[in-house]
Amino acid sequence: MQQKPETPYYVFNTEDFRKRVEYIKAALPEIPLVFSIKANPFLLTQRLPEAITKVEVCSPGELSICERLSVPSENIIYSGVMKEITDIREAIRYGAGILTAESIRHAELLEKGAECENISGKLKVILRLSAGSQFGMSEEDMLSLFERKADFKHLDFVGVHYYSGTGKSKVKKIEKDLKQIRGTLLKLKDQYDFEPEILEYGPGFAVEFFNPPMQEEDERVLREAAPLLNEFAKEVPLSFEMGRYMAATCGEYHTRVCDIKSTEGVTYVLLDGGMHQVNYFGQMMAMKMPPIRQAIVRSEARKAYTLCGSLCTTADVLARDAMLAPLEIGDELVFERVGAYSAMEAPALFLSRRLPEIWIEGDFGIKKIRGSEPTDLINVPDM
Ligand SMILES: Cc1ncc(COP(=O)(O)O)c(C=O)c1O
C-alpha cells in the first residue's frame, strides 16, 4: 500500500528541478552548471539533470552524503570555508575532481594532504577570491600563492572561484562581480602569465518569495543577466554554480493546523511545524507573506490568520495576517518555494522537535526518502 505523508513534511519534485535547470541552461547554453548541494542534498537521490556537470560540496558531511550516494568523484568540487587536514585527505581519497583553497593555510593543507595521500600527478585546485567577507582570500594572498608556486609541488592552480553573496536581483551587482574577477585575472595574467582553465562563479541569483508574479520576477533576473554572462563566457572558461535559483521552486512544505484561537482581535493558528522548518532567505518570516496554499478551501470568504509554529517562542510566526479561506483544525497548509535551504538551513534542533519527513516526487510517483527523525537524541547531554 502507498504510504501517506505525515505532516510536517517536505516534497521535493525532481521534474520541477529538471525543468528549472533546463530553463537556466537554455539561457546560458555554453556555460556548464554546478549545483551547490548545501541548498538541498536530497535532490541527489535521483539522477541529476543532465545540464548539471558538477556538484559543489562544502563539508565532510556533504562529502559523505556524496560517497553514500555514489556521486562520481570527478564531478565533485570540494569547497568550504573551513577545511582541516582530515577532511582534505578524505576528499583526496575519494578523488574529488577539483578542490578549492580559501586561504594560504588551505593551500598549505592541500599540499600536505596530497603528500600524505601519496598522490600521483597533481591536485586540481581553484583559488577562491574574497568578496570582502570571511570567504576566500584577498587578491594579495592569491598573488602571493602564485609567487610561491614552487612550494606547492602537488598542486595545480587551475582556476579562480568567486561568490559574493546570495539574493542578487540586480544586474549591476553581477556587473560588479565580473569587474572584480576581470581585474584579478588581469593581474594574474600580467604577473604570472596565468590563464584559468576554470572560472567557477556563483552569481547568487535571487528567487522571489513574497511579491507576485514570482515566476516572472525570477525570469527577469536570469534574462537580464544572461547576455553579460554569455559574453563573459567567451573571454574565460566560465562555470556557473548555484543553489537557491536552481532548487527553490521545486519544493513544498506541508504543515497542519493543530489549534485556532483569538486573542485581542488576532486569530492565531498553531501549526505542527514552525520557523525551524521553513527558511525563506534572510529570516524575514512574519514581515513578509510567503506563498501559501490551502489543501482544502471550503468557501470564498477570507479571514486574517496569524500562523504560528510549535517552538514555544514568540519569534515562531510563519505569517502575520495571512488572508485564508476559513481554517479548521487538521487542515493542511502548503508553503511553496521551499526547495532550497529550508530543509538544511533552518534551526532544526530547537525545542527538540522531530525533523519533518522528506518525500521526493517525479515521473516515478512519490516516495518517502527520510522519515521523521527525532532530534532529542542529539540534544541530550552525554552523561
Ligand atoms: C561558494 C558558494 N557557491 C554557491 C553558493 C550557493 O548560493 P546560492 O544559493 O545563492 O545560489 C554558496 C552559498 O553559500 C556559496 O558559498
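Q: Which residue of strand 4 does Val55 stand opposite?
A: In this predicted model, strand 3, made of residues 52-57, and strand 4, made of residues 76-78, pair in the parallel sense over three bridges. Within strand 4, the residue that stands opposite Val55 is Ile76.

Q: By how many degrees are neighbouring strands of the closed barrel turned against each other on average?
A: The barrel is closed and has eight strands, which run in the order 2-3-4-5-6-7-8-9 with parallel pairing. When direction is ignored, neighbouring strands of this sheet are turned against each other by an average of 30°.

Q: What angle does the direction of helix 5 make with that of strand 6?
A: Helix 5, which spans residues 139-147, packs on the sheet and touches both strand 6 (123-129) and strand 7. The direction of helix 5 makes with that of strand 6 an angle of about 150°.

Q: Which element gives the most to the lining of the largest pocket?
A: The elements that give two or more residues to this lining include strand 7 (155-163), strand 9 (238-242) and helix 2 (60-68). With three residues, the element that gives the most is helix 2.

Conventions. Residues numbered from 1 in each chain as written. Predicted model: local features only at pLDDT ≥ 70, side-chain atom pairs only at ≥ 80, totals over all residues. Heavy atoms only, no water. Helix = DSSP H or I, 4+ residues; strand = E, 2+ residues; numbered from the N terminus. Pairing = 2+ DSSP bridges. Axes fitted to C-alpha atoms, helices over the stretch in contact; angles between N-to-C directions. Contact = heavy atoms within 4.5 Å.
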